Amino acid sequence: AVIESHFNPDAPAVAGANMSVNQSFECGGTPGVTTETSDDALHGVGVVQMLAGPFGLDGDVGGIAPKSAIEVFTLGGPDCLLTDIDSNDQSPLGRAIIGAVDAGNDIISISYGQTPFSGDYEAIAYAIAHDVVVVSSSPNKLDQQHLLYPVGANGVVSVAAVAENLD
């Protein structure tokens, strides 16, 4: 599973990928599926292409696991992610993690972070208890160090981006 705020399933980079889109966890009235080419929407496209894109540059083999099935969970607008907290103190991101586990996904990739809520940690524990690996990005900039969820949770595999100059 890939959890993103927005996603463009019609982007040429993911044409032919074995993927589906789950919009069940969107919040704030902003749809997560878009035809826009904004950085936000293209980020998810890049993640899916890297994981399961059937074709790479110049027709080479594509993603890391080009025959895998990817379920993209869209969350919608970023404004609701920290305000649409349910009675279990869980954000839409936490609910999407549980949804991805319940849908039978083996690995969950999350490439952003947010302020943690106690119920969100329960979602990570739920994934681990069901033998689901959660991979999450580390903050890219020093001013994002408060975005500790999900990367700061015990049991989450942390990944980070590095530029060619090692920044």
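His6 has a relative accessibility of 12% and therefore counts as buried, where buried means under 20% relative accessible area, exposed over 50% and partly exposed in between (1.4 Å probe, protein chains only). The model is predicted, so local features need pLDDT of at least 70 and side-chain atom pairs count only at pLDDT 80 or more, while totals for chains, interfaces and linings use all residues. Residues are numbered from 1 along each chain as its sequence is written, and side-chain values use heavy atoms, with hydrogens and water left out.

**Surroundings of His6**

- His6 is found in the loop between β1 (2-4) and β2 (19-22); helices (H or I, at least four residues) and strands (E, at least two) are DSSP runs, numbered from the N terminus.
- The side chains of His6 and Ser5 make a polar contact at 3.4 Å, a term for a pair of N or O atoms within 3.5 Å in which, within protein, one must be able to donate a hydrogen and the other to accept it, and for which residues adjacent in sequence count only if both atoms are side-chain atoms.

**The sheet and its helices**

- Six strands form an open sheet in the order β2-β3-β1-β4-β5-β6, with parallel pairing, two strands being paired if DSSP finds at least two bridges between them.
- Because β2 and β6 stand at the edges with a single partner strand each, one side of each is left without a neighbour in the sheet.
- From one strand to the next the twist averages 20°, with axes taken as lines fitted to C-alpha atoms, for helices over the stretch in contact, and angles running from 0 to 180 degrees between N-to-C directions.
- The parallel strands β1 and β3 are joined by three bridges, and Val72 in β3 is the bridge partner of Val2.
- Helix α1 lies across β1, β2, β3 and β4 (107-110) and runs at about 170° to β1.
- Helix α2 (residues 92-102) packs on the sheet, where it touches β1, β3 and β4 and its direction makes about 155° with that of β4; contact means heavy atoms within 4.5 Å.

**Aromatic pairs**

- The structure holds two aromatic pairs, defined for rings of Phe, Tyr and Trp (its six-membered ring) by centres within 6.5 Å, with planes under 30 degrees apart counted as stacked, over 60 as edge-to-face and the rest as tilted.
- The rings of Phe25 and Phe73 have centres 5.9 Å apart and planes at 45°, so this pair is tilted.
- Phe25, in the loop between β2 and α1 (39-52), and Phe73, in strand β3 (residues 70-74), are 48 residues apart, and Phe73 is buried at 0% relative accessibility.
- The rings of Tyr121 and Tyr149 have centres 5.5 Å apart and planes at 85°, so the pair is edge-to-face.
- Tyr121 is partly exposed, with a relative accessible area of 36%, whereas Tyr149 is buried at 0%.
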